[in-house]
Amino acid sequence: MSTVTGRILKTYNGYYYVAAADGQVYTCKVKGWMKQRRFLMAAGDRVEVEAQGTEGMIRQVLPRQNLLQRPLVANLDCLMAVFACADPDPSFLLVDKLLALAEAGGIPAVLVLNKRDLVPEEFVDRFRRIYEPLGYPVVPIEAREGLGLEPILERVQGHTVAFGGPSGAGKSTLLNHIDPSLSLKTGNVSDKIGRGRHTTRFAELLPFQGGYIVDTPGFGNIDLAELAMDDASDGFREIRERMGQCRFTGCTHTHEPDCVVKQAVEEGIIARSRYESYCIIRQELAEQKKRGKKS
């Protein structure tokens, strides 16, 4: 029996598939004493394994660089937030929730807009005006034709990059163009419910050009129980950087007078859609805390 250090590629039915530095993949379970503790292991975690043959027991989770709560992945260099320009139509709230998850986890994020051929250029420009001044690059693409992928390929090489977004946005189609050997299943948008059918069931690290691309399950909404943040402003750079500048200490930026955030919204410095997302997320977090106190 030997001790090796590796990275969890995926978890499935209580098993953890761990890739060592030499490329060997071990099918692992968890040491009994670890089960007695509250622990969370995710795809992307670096672990120590007691290995014998091609099987092993995970005995330790090594310190994380970061953790993305939804999709659940550890130690990311970047999150590609993939949304369709149309079919299904993008939701600013869902975009902002996913970016807030990345922000709360300290993970750089890129906004990828697929199906750009279905909308006028002004549509993409609106997203650029909102998100690029905040430091979120906006990359319009046509995944089905493999167009506009160069900025994505540059960021993926040698790094661990997760691709997440709502079902039907074209994420699997995009990944198949990045690496045709993946042969990921793709799904169409349901006419009945207006969103895509899920084609990926769990997050998985896929080796690619010295790093990993991470395929993740699609979703229709993001439950804020997954948001690891004490305050909604933690997920909004433009609000967080104005902390302490309002008239009242502990300003919520909702009803108080002399609020620099609300003033920035009125002046067009902060996008109204972002402010509305902040208010919704703040309210959902408050309701979540109330439910936690009652239980």
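**Before you start**

This is a predicted model, where local features need pLDDT of at least 70 and side-chain atom pairs count only at pLDDT 80 or more, while totals for chains, interfaces and linings use all residues. Residues are numbered from 1 along each chain as its sequence is written, and side-chain values use heavy atoms, leaving out hydrogens and water.

Colour the chain by pLDDT, the predictor's confidence in each residue, from 0 to 100. The chain average is 88, and 88% of the residues score at least 70. Now select residues 187-199: here the pLDDT is below 50, and the stretch has 26 contacts in the model beyond near neighbours in sequence. (A contact means heavy atoms within 4.5 Å.)

Element names come from DSSP runs: helices are H or I with at least four residues, strands are E with at least two, and both are numbered from the N terminus.

**Stop 1**

Select L79, F83, L98, L111, L113 and Y131. These residues have the most contacts inside the largest nonpolar core, which has 37 residues. A nonpolar core is a set of buried Ala, Val, Leu, Ile, Met, Phe, Trp, Tyr and Cys residues joined through side-chain atoms within 4.5 Å. Buried means under 20% relative accessible area, exposed means over 50%, and partly exposed is in between (1.4 Å probe, protein chains only).

Which elements supply the core? β8, α2, β9, α3 and β13 each give at least two residues, and α2 gives the most, with seven.

Zoom in on Y131. Not counting residues up to four places away in sequence, Y131 touches F92, V95, D96, L99, L111, Y136, V138 and R274.

**Stop 2: a cluster of rings**

Show the side chains of F92, F123, F127 and Y131, which ring pairs link into a cluster. Rings of Phe, Tyr and Trp (its six-membered ring) pair if their centres lie within 6.5 Å; planes under 30 degrees apart are stacked, over 60 edge-to-face, and the rest tilted. The whole structure has five aromatic pairs.

Start with F92 and F127, a stacked pair at 4.8 Å centre to centre with 15 degrees between the planes. F92 lies in helix α2 and F127 in helix α3, so the pair ties together parts that are 35 residues apart in sequence. F127 is buried at 2% relative accessibility, and F92 is buried too, at 19%.

F123 and F127 are four residues apart in helix α3, about one helical turn. F123 is partly exposed, with a relative accessible area of 26%.

**Stop 3: charges over rings**

A charge sits over a ring if NZ of Lys or CZ of Arg is within 6 Å of the ring centre and within 35 degrees of the ring normal. Select R237 with Y136: the charged end of R237 is over the ring, 4.1 Å from its centre. Then try K29 and Y15, where K29 lies over the face of Y15 at 4.7 Å from the ring centre.

**Stop 4**

Go to the loop between β8 (78-84) and α2 (92-104), where you'll find P88. What kind of peptide bond joins D87 and P88? A cis one, with omega about 5 degrees. D87 also has a positive phi, near 60 degrees, without being a glycine. D87 is partly exposed, at 45% relative accessible area.

Now move to K115, in the loop between β9 (109-114) and α3 (121-131). K115 is no glycine either, and has a positive phi of about 60 degrees. Is K115 buried or exposed? Buried, with a relative accessible area of 17%.

**Stop 5: a hairpin and a covered helix**

Select β12 (residues 204-208) and β13 (residues 211-215), which pair in the antiparallel sense over five bridges. (Two strands pair if DSSP finds at least two bridges between them.) L206 stands opposite I213 in β13. Two residues lie between the strands of this hairpin, and Q209 takes a positive phi near 45 degrees.

Finish at helix α5 (residues 171-178), where seven of the eight residues are buried. What covers the buried residues of α5? The cover includes β8, α4 (150-156), β11 (160-164), β12 and β13.
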